[in-house]
Amino acid sequence: MKDIRKLTALTKAGITESLQFRLGTVVTLFGNLIYLALVYFLWKSIYASAGSDTVNGMTFYDTMIYLILATAIFNFLEMFILWDMSRAIQSGEIIMHLLKPMRYRWYTFWSYSGSHVVSFFLTFIPTFLVVMIVTKGAVPVGWNLLAFICSLILALIVNFNLEMLVAPICLYTESTWGVNIVKETIVLLLSGASIPLAFFPEGIRRIVQYMPFRAIYDIPLTVLLKKNGSDTAGGLSSMILFQLAWAAVLIIAGNLFWNHAVRRITVNGG
Amino acid sequence: METASCRKRGFLFYAGIYRKILVQDLKSKMSYRADFILSNLGMIMTNLSGFVTFMILFHNFPSINGWDYYHMLFLYGFSLIALTPVQCFFDNNWNLRFMVRSGDFIKYCFRPINVFFYFISEVFDIKGIGQFIFGMGTFVYAWRHIGIPVTFVTIAKAVLFLITASLFMIAIMNASAATCFWIINSGYVMVIMFRFKDFAKYPASIFNGIFRFIFTFIIPIAFVAYYPSLVFITPDSVPLLSWLSPLIGAFFFYLSYKFWMLGVRRYDFTGS
C-alpha cells in the first residue's frame with residue numbers, strides 16, 4: 001500500500017510538471033492538426049492515382065486513421081530517457097538517482113507516467129476526436145476501444161523498455177544524438193509509424209512481423225481498426241501475447257545490460 | 001580612425017573569423033570519434049529510411065499526383081541537399097533556448113561583432129555531411145534517369161536553385177528558434193517546424209487552396225524542393241514562383257534575421 005502511494009506521488013508530480021507548460025501542449029496540438037492536413041492531402045492524392053479504393057486491405061480512411069493516430073501515439077509515448085540519462089551521467093547527477101531507495105528504472109518509469117497521463121488527455125484524445133470527425137466516424141467503436149487501450153499501455157511498456165535498453169549505449173559511445181536517431185529511425189520505420197506495415201512487400205513484412213517494433217505502433221492501431229483478425233478472441237490474444245512476450249524479453253535484456261553498464265559509471269567516478 | 005575601420009567590416013573579415021571558429025570547433029568534435037561516426041550513421045539511416053518509405057510507396061502505387069518514381073526521387077534528393085546548410089551551419093539555433101533561459105546568451109552580446117553571426121558560427125554540425133552525400137547520390141541518380149542534359153547552364157542553375165532553396169529552411173528555423181526570446185522553452189515550435197520539412201519532398205500540387213497558400217508563403221516548405229525543381233523537371237512551363245524563388249528566399253532569410261535580432265534587442269532590455 002505504501003509502495004503504491006510512493007508511485008502515485010511520482011505520477012502526480014509528473015502531471016503537475018507537464019501542466020505547467022500548457023502553451024507547449026496547445027502548440028503541439030495545433031501542429032498536429034496541420035500535420036494531419038498534410039497527411040490527408042498526401043494520401044488522398046496517392047489513393048487518387050491507385051485507381052482502386054482498397055490497397056492491400058487498407059482503404060483511404062484506414063490509412064489516414066492509422067497514420068494520424070500513429071503521430072498521436074508518437075507524442076503520447078515520447079520520452080527523453082536517452083537525453084536524461086546522458087545528461088545525468090555527464091553532470092554526475094546519476095549518483096543521486098542510484099542512491100535513491102528505489103530502482104532507477106522503476107523511478108524513471110513512474111516519474112514519466114504523469115506526463116503520459118497529461119499528453120493522453122490533452123493531445124491524444126483531441127486528435128482522436130478530430131480523426132473521428134474528419135473520417136466521418138470511420139473508426140469502429142465498440143469493445144475494440146478497450147482492447148486498444150490495453151494494447152496501448154503494453155506499447156508504452158515495450159517502448160519504455162526499448163529506450164532503457166538502448167540508453168546505456170551512450171555510456172560507451174558518448175553520442176547521445178547518434179544513438180537516439182538510429183533507434184528512433186529504426187522504430188518509426190519498422191513499427192509502421194512512417195508507412196503502414198500492410199504496405200510492406202511480403203518478404204520484408206514476414207521478417208518485421210517477428211520484431212518488437214510492431215508492438216509499439218502497428219498492433220494497437222491494428223486492434224483499433226479491427227484488422228488482421230484482431231476482432232476475434234484468438235487473433236486479439238495472440239497480438240497481446242506478442243506484446244507481453246517482447247515486454248518481458250526487453251525488461252530482462254535491459255536489466256542485464258544496465259547492471260553491466262552501471263559498473264562503468266563507477267569506474268568513471270560519475 | 002580606428003573606430004571607423006572597426007565599423008567597416010566586410011565579408012572577408014567575417015569569413016576569416018568563421019574559419020578560425022570552425023577549425024576550433026572541428027578539433028573539439030574530432031576528439032569524440034565514436035560520436036562522429038554514430039551521428040553520421042544516424043543521419044544516413046534517417047535518409048535511408050525515407051528512401052525505403054519511397055520504395056514501399058511505389059511498390060503499391062504507380063505515381064503520386066502524376067509524379068513517377070524518378071521525378072519523386074529528384075525532389076527527394078533536391079530536398080536533402082537543400083536541407084544540408086541548415087543542418088551544418090545553423091545547428092546552434094537548437095541551443096538558443098537553453099542559452100537564453102540560463103542567461104549564458106549575454107556573452108554573445110558583449111562581442112564587437114554581429115550577434116547573429118557570432119552565435120551561429122559557433123557550431124558547425126558535421127553530421128550534415130552524411131546527409132549531403134546521400135542527397136547528392138539520389139539527386140544525380142534521378143537526374144540521369146530523367147535525362148536532364150548536363151551542360152554548364154543546367155549545372156549553374158542547379159547550384160543557384162539549391163542555394164536559394166536552402167535559404168527557406170534556414171529562415172524557418174531561425175524564426176522558430178527566435179520565438180524563445182518571447183516564449184520560455186519554446187523548443188516545441190522548432191520540433192514542429194522541423195517535422196514539416198518531411199513534407200518538402202512531396203509535390204506541393206497535392207495541397208489545395210488555403211494549405212497551398214500556407215505552405216508557400218507562411219511556412220514556405222514548398223520552396224525547399226517543389227518550386228525550384230520545376231525549373232528542371234518541366235523546363236517548358238516553369239511557373240513564375242519558381243523563377244522568383246531566389247528573391248523570395250533572400251527576402252525570407254532577411255525577415256527571419258530581423259526577427260531574430262529583434263529578439264536579441266528584447267533580451268537586452270529585460271536584462272535577464
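# Two chains, helix by helix

Colleague: Helix 9 of chain A passes helix 3 of chain B in a left-handed crossing. How are these two helices oriented to each other, roughly parallel or roughly antiparallel?

Modeller: Keep in mind that this is a predicted model. The axes of helix 9 of chain A and helix 3 (residues 33–60) of chain B come within 7 Å and cross at roughly 20 degrees. Angles under 35 degrees count as roughly parallel. Helix 9 of chain A and helix 3 of chain B are therefore roughly parallel.

Colleague: What sort of residues meet there, and how many of them are charged?

Modeller: From helix 9 of chain A, the contact includes Trp177(A), Val179(A), Ile181(A) and Leu189(A). From helix 3 of chain B, among those taking part are Asp35(B), Leu38(B), Met45(B) and Val52(B). The residues split into 9 nonpolar and 6 polar, and the charged count is 1.

Colleague: Over to chain B. How do helix 10 and helix 11 of chain B run, roughly parallel or roughly antiparallel?

Modeller: The axes of helix 10 (residues 152–178) and helix 11 (residues 187–196) of chain B come within 8 Å and cross at roughly 160 degrees. Anything over 145 counts as roughly antiparallel. That makes helix 10 of chain B, relative to helix 11 of chain B, roughly antiparallel.

Colleague: Which hand does the crossing of helix 10 and helix 11 of chain B have, left or right?

Modeller: First, who meets whom: helix 10 of chain B brings Ile172(B), Met173(B), Ser176(B) and Ala177(B), and helix 11 of chain B brings Val189(B), Met190(B) and Met193(B). By class, these are 6 nonpolar, 1 polar and no charged residues. As for the hand, the crossing of helix 10 and helix 11 of chain B is right-handed.

Colleague: How many residues are in the largest nonpolar core?

Modeller: Among the residues with the most contacts inside this core are Leu69(A), Phe168(B) and Val224(B). Val224(B), leaving aside its neighbours within four places in sequence, is in contact with Leu83(B), Phe168(B), Met169(B) and Lys197(B), among others. A second, separate core has 6 residues, including Met58(A) and Ile56(B). The largest core, though, has a residue count of 123.

Colleague: What about Trp258(A): is it buried or partly exposed?

Modeller: Trp258(A) sits in helix 12 (residues 233–268) of chain A. Not counting residues up to four places away in sequence, Trp258(A) touches Arg105(A), Met164(A) and Pro168(A). Buried takes 20 or more C-beta neighbours. Trp258(A) has 19 inside 10 Å, so it counts as partly exposed.

Colleague: Lys226(A) is not a glycine, yet its phi is positive; near what value is it?

Modeller: Lys226(A) is in the loop between helix 11 (218–225) and helix 12 of chain A. Lys226(A) counts as partly exposed, with 19 C-beta neighbours inside 10 Å. Its phi is near 55 degrees.

Colleague: In the loop between helix 3 and helix 4 of chain B, what is Gly66(B), buried or exposed?

Modeller: That loop also holds Asn65(B), which has a positive phi of about 55 degrees although it is not a glycine. Asn65(B) has 18 C-beta neighbours inside 10 Å and so counts as partly exposed. The limit for exposed is 12 or fewer. Gly66(B) has 12 other C-beta atoms within 10 Å, so it is exposed.

Notes
Residues numbered from 1 in each chain as written. Chains lettered and ligands numbered in written order. Predicted model: local features only at pLDDT ≥ 70, side-chain atom pairs only at ≥ 80, totals over all residues. Axes fitted to C-alpha atoms, helices over the stretch in contact; angles between N-to-C directions. Helix = DSSP H or I, 4+ residues; strand = E, 2+ residues; numbered from the N terminus. Parallel < 35°, antiparallel > 145°, perpendicular 65-115°, else oblique. Left-handed = near helix turned anticlockwise from the far one by under 90°. Contact = placed C-beta atoms within 7 Å. Nonpolar A, V, L, I, M, F, W, Y, C, P; charged D, E, K, R; others polar. Core = buried A, V, L, I, M, F, W, Y, C linked by C-beta atoms within 7 Å.
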